[in-house]
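Visitor: I am new to protein structures and would like to learn how to read one. Could you guide me through a few features?

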Amino acid sequence: MATLGLIGSGHIGSTLARLAVDAGLDVVLSNSRGPQTLCDLVAELGPHARAATPAQAAAAGDWVVVTIPVGAIGAVPRQPLVGKTVIDTGNYFAPRDGAIPELDAQELTDSEVLQRHLAGAHVVKAFNNINYHHLRDLPRPVDAADRTALPIAGNDPDAKKQAAELLSLLGYDAVDLGPLSESWRSQPGTPAFCAPYALSKDDQYLGQPAAPASAAEIRAALASARRSHVVAFNQLTTYPGA
């Protein structure tokens, strides 16, 4: 049975864990506070889930999701992730993460920063543009007419294929938006961030009810993104969440 490893088990991480168990995957969860803090979540998820350290989750995963604040990238273990597809859900937000000059200057994207840290892995950006309520509510079977699409970005074609396979197992289609340098197109402030999955502007961050979004709708939102959208978001003082 395939295994999903999670480095970070907050809202997005725990939602992905639930979807993975529902899809028949084994799940290894971790966080920065230690496996003992995940006992309740593991008990809820059942026998296909266990808690571990980040290094153990990284070693166990056929896919590994890094779902932590961008400011904590330096704590992600390197060696267990060599050769693996690593899915990055993060979004840089300077008031929370601390100023990162390369990101403030738009010289790199946050996923490129993670890829630089994990030089031996293959990073794919995904799950960063949808809030956890909508992520929980929108999975559909492969042949469903209202199946929702999520954007992915990455530099390695095989890694993007593996990430798309995971998305499909969890109930989503994938839209390839290009290399990691283009991943800003799905980040906070852009038209592809949260809004496509909400019935109204008020629902986009806090989450009910959810609205399916087709691949065509996501492609259109990505195409209309501007870097100024991301800059404006980072000038906020509080992060509305996703």
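Visitor: Which side chain makes a polar contact with the side chain of Thr67?

Guide: Before we look, please keep in mind that this is a predicted model. To read a polar contact, look for a pair of N or O atoms within 3.5 Å. Here, the partner of Thr67 is Thr89, whose side chain makes a polar contact with the Thr67 side chain at 2.8 Å.

Visitor: Where is Thr67 found, and is the residue buried or exposed?

Guide: Find the loop between β4 (63-66) and β5 (85-88), and you will see Thr67 there. A residue counts as buried when its relative accessible area is under 20%. Thr67 has 13%, so this residue is buried.

Visitor: Which residues does Thr67 touch?

Guide: Leaving out residues up to four places away in sequence, Thr67 touches Ile7, Gly8, Ile12, Gly13 and Thr89. Let's follow one of them, Ile12. Ile12 sits in helix α1 (residues 11-22) and is buried, with a relative accessible area of 9%. Sequence and space can also be read side by side: Ile12 and Arg136 are 124 residues apart in sequence, while their C-alpha atoms are 9.1 Å apart in space.

Visitor: Now for helix α8: how many Å should its 14 residues span?

Guide: The rule is 1.5 Å times one less than the number of residues. For α8 (residues 157-170) this gives 20 Å, and the end C-alpha atoms are 20 Å apart, which agrees.

Visitor: Which residues of α8 are buried?

Guide: They are Ala159, Lys160, Ala163, Leu166, Leu167 and Leu170. Looking down the axis of α8, you find these buried residues within an arc of 115°, so they line one face of the helix. On the face turned away from the buried side are the exposed residues Pro157, Asp158 and Lys161.

Visitor: What does the side chain of Lys160 make a polar contact with?

Guide: With the side chain of Asp176, at 3.0 Å. Lys160 has a relative accessible area of 12%, so it is buried. Apart from residues up to four places away in sequence, Lys160 touches Val124, Ile152, Ala153, Gly154, Asp176 and Gly178.

Visitor: What is there to see at the start of α8, and just after the helix?

Guide: At the start, look for a side-chain oxygen of Asp156, which comes to within 3.1 Å of the backbone nitrogen of Asp158. Just after α8, Gly171 has a positive phi of about 110°.

Definitions and conventions
Residues are numbered from 1 along each chain as its sequence is written. This is a predicted model: local features need pLDDT of at least 70, side-chain atom pairs count only at pLDDT 80 or more; totals for chains, interfaces and linings use all residues. Side-chain values use heavy atoms; hydrogens and water are left out. Helices (H or I, at least four residues) and strands (E, at least two) are DSSP runs, numbered from the N terminus. Buried means under 20% relative accessible area, exposed over 50%, partly exposed in between (1.4 Å probe, protein chains only). The arc is that of the directions from the helix axis to the C-beta atoms. A polar contact is a pair of N or O atoms within 3.5 Å; within protein, one must be able to donate a hydrogen and the other to accept it, and residues adjacent in sequence count only if both atoms are side-chain atoms. Contact means heavy atoms within 4.5 Å.
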